[in-house]
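Please look at the sequence and the structure first, then read on.

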Amino acid sequence: MVPCRVVGAAISLIAIVMGIVLVCIGSQAFNWVYKSELVLSPDSASFPMWQDLPAPLLAKMYLFNVTNPEKVINGELPVVNEIGPFTFLERHHKTKLVWNDNNTITYQQIRTWEFDPAQSTHSLDEQVTIINPVAASIGDMLRNKVPVSLRLLVDLFLKGEKEEVFVTHSANDIIFRGFDDPILKSMERLKFIIKSYIPEGAFTDKFGFFYNRNGSDYVDGVFNMYTGAGDVTKMGKVYSWNYTTHEFFPGECGRVKGGAGEFYPPRMEKTYIEMFSNDLCRSLKFEYNTTAYPEGIPTYEFVSGKDLFANGTENPENKCFNPEDVYLPSGVYNTSLCRFGAPVFVSQPHFHLADSYYRSMVKGMHPDNDKHRTFLRIEPESGVPVEVTARFQLNVLMDKVEKISMFENVPRSFVPVMWFENTADVPKDMVFKMSLMANLRDILG
């Protein structure tokens with residue numbers, strides 16, 4: 001979802017433009033340049049930049065330290081303070097490429113993260129107290145699926161394993177390396193008690209939000225994307241993900257659609273764009289906001305507004321994301337259907353643009369539009385992203401569970417665990433080329 005994946009395609013554009021400007025006119029010239037240089041093929045100028053980022057993304061991660069865990073167990077609201085950023089250089093590589101006859105390409109993606117201490121405020125050894133996502137997942141399952149008659153036995157098991165609602169680990173363990181948890185080690189014995197309630201594949205040997213993701217070629221899934229050949233209006237759009245065009249959610253919410261993030265069709269309009277997110281298992285819709293000029297390049301700015309995570313009452317398009325028997329105020333997205341039932345909810349950082357309901361359940365939130373909004377600035381003639389800043393937050397639902405001691409007195413709260421920011425913009429040596437692309441229609445007349 002970053003511009004620098006393909007902006008390098010403009011490097012070879014200058015000579016081509018000079019060569020055809022005398023023999024072609026207007027849109028014919030633009031289309032020729034676009035199809036020969038940006039439409040994806042093994043020989044196109046865009047291909048190397050699409051397969052490997054010419055420069056790494058800047059990935060900043062912030063953790064929320066819970067300062068009063070003992071008091072929360074006894075009913076007080078969680079108090080959190082933000083720690084970070086922990087900054088990483090993020091690189092992408094496309095692998096296992098298959099060029100298909102229907103003008104699509106099938107591929108997988110390897111993402112790697114390299115810690116950058118110079119741009120971080122803390123080391124990865126920093127100790128942070130967070131809500132335990134493993135315990136919260138067990139609590140949510142018990143509350144919603146397991147009969148009260150079975151909970152006494154489960155409660156004895158949890159006490160025996162010394163499972164805790166809050167845990168303290170290093171930032172590295174929480175994010176990438178993963179940490180041990182009594183439940184994960186004893187999962188086979190727990191399955192004997194409540195086997196039918198645990199989704200297959202729900203638990204691994206360790207827990208970390210990016211555990212086993214660094215350098216993996218399978219976690220992001222298998223994409224099938226239109227190359228733009230034959231129909232540039234489909235340029236960069238995802239046709240299927242993990243070999244299906246519809247997954248997880250009913251109706252339109254479950255349809256795989258939108259761009260993969262690297263390209264958008266040329267001649268964009270001031271309406272909206274859609275992007276498919278494998279991390280969220282859904283399409284995201286960004287509304288046109290304004291015309292912006294990063295590095296002097298005219299771009300259309302698309303932003304994440306209130307509608308993005310609004311509930312079905314405020315935004316009917318989102319109705320099919322939410323179970324019919326569950327009502328939540330606007331501002332969070334329930335990812336549990338694509339996360340083995342884990343009660344993880346995505347929002348904008350610090351519940352920016354969310355209903356005040358969520359901030360009333362936790363202390364320490366300070367939403368700021370400048371710091372917490374997501375925007376994409378795209379050069380409209382080519383459909384190439386020029387500047388992108390994406391920001392999202394992970395929250396874990398904590399709530400009471402009858403007959404389970406560790407959850408009997410906790411308050412209901414969507415406890416923030418971490419938020420992250422990915423940024424990318426045009427490398428300095430490509431600014432002139434992108435300016436040329438932006439003004440190509442005027443140059444060609």
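## Backbone and core

P85 lies in strand β2 (residues 80-99), and the peptide bond that joins G84 to P85 is cis, with omega near 20°. The model is a predicted one, in which local features need pLDDT of at least 70, side-chain atom pairs count only at pLDDT 80 or more, and totals for chains, interfaces and linings use all residues. Residues are numbered from 1 along each chain as its sequence is written, and side-chain values use heavy atoms, with hydrogens and water left out.

The protein chain has 13 helices and 15 strands; helices (H or I, at least four residues) and strands (E, at least two) are DSSP runs, numbered from the N terminus. Of its 445 residues, 57% are buried. Buried means under 20% relative accessible area, exposed over 50%, and partly exposed in between (1.4 Å probe, protein chains only).

Helix α6 covers residues 148-161. Its buried residues are R151, V154, D155, F157, L158 and E161. An α-helix has 3.6 residues a turn, so residues three or four places apart point the same way.

After α6 comes K162, in the loop between α6 and β5 (166-170). R267 sits in the loop between β7 (238-241) and β8 (272-277). Both have a positive phi without being glycine. Most residues other than glycine have a negative phi, and most peptide bonds are trans.

| Residue | Phi | Relative accessibility | Class |
|---|---|---|---|
| K162 | near 60° | 65% | exposed |
| R267 | near 55° | 29% | partly exposed |

A nonpolar core is a set of buried Ala, Val, Leu, Ile, Met, Phe, Trp, Tyr and Cys residues joined through side-chain atoms within 4.5 Å. The largest has 85 residues, and I131, L142 and L158 have the most contacts inside it. Strand β14 (residues 384-398) gives the most to this core, with seven residues. Leaving aside residues up to four places away in sequence, L158 touches I138, L142, E163, I183, I404 and M406, where a contact means heavy atoms within 4.5 Å. A second, separate core of 16 residues includes L40, V238, C281 and C338.

Residues 24 or more positions apart account for 67% of the contacts in the protein chain with a separation of 6 or more.

Terms used. The expected span of a helix is 1.5 Å times one less than its number of residues.
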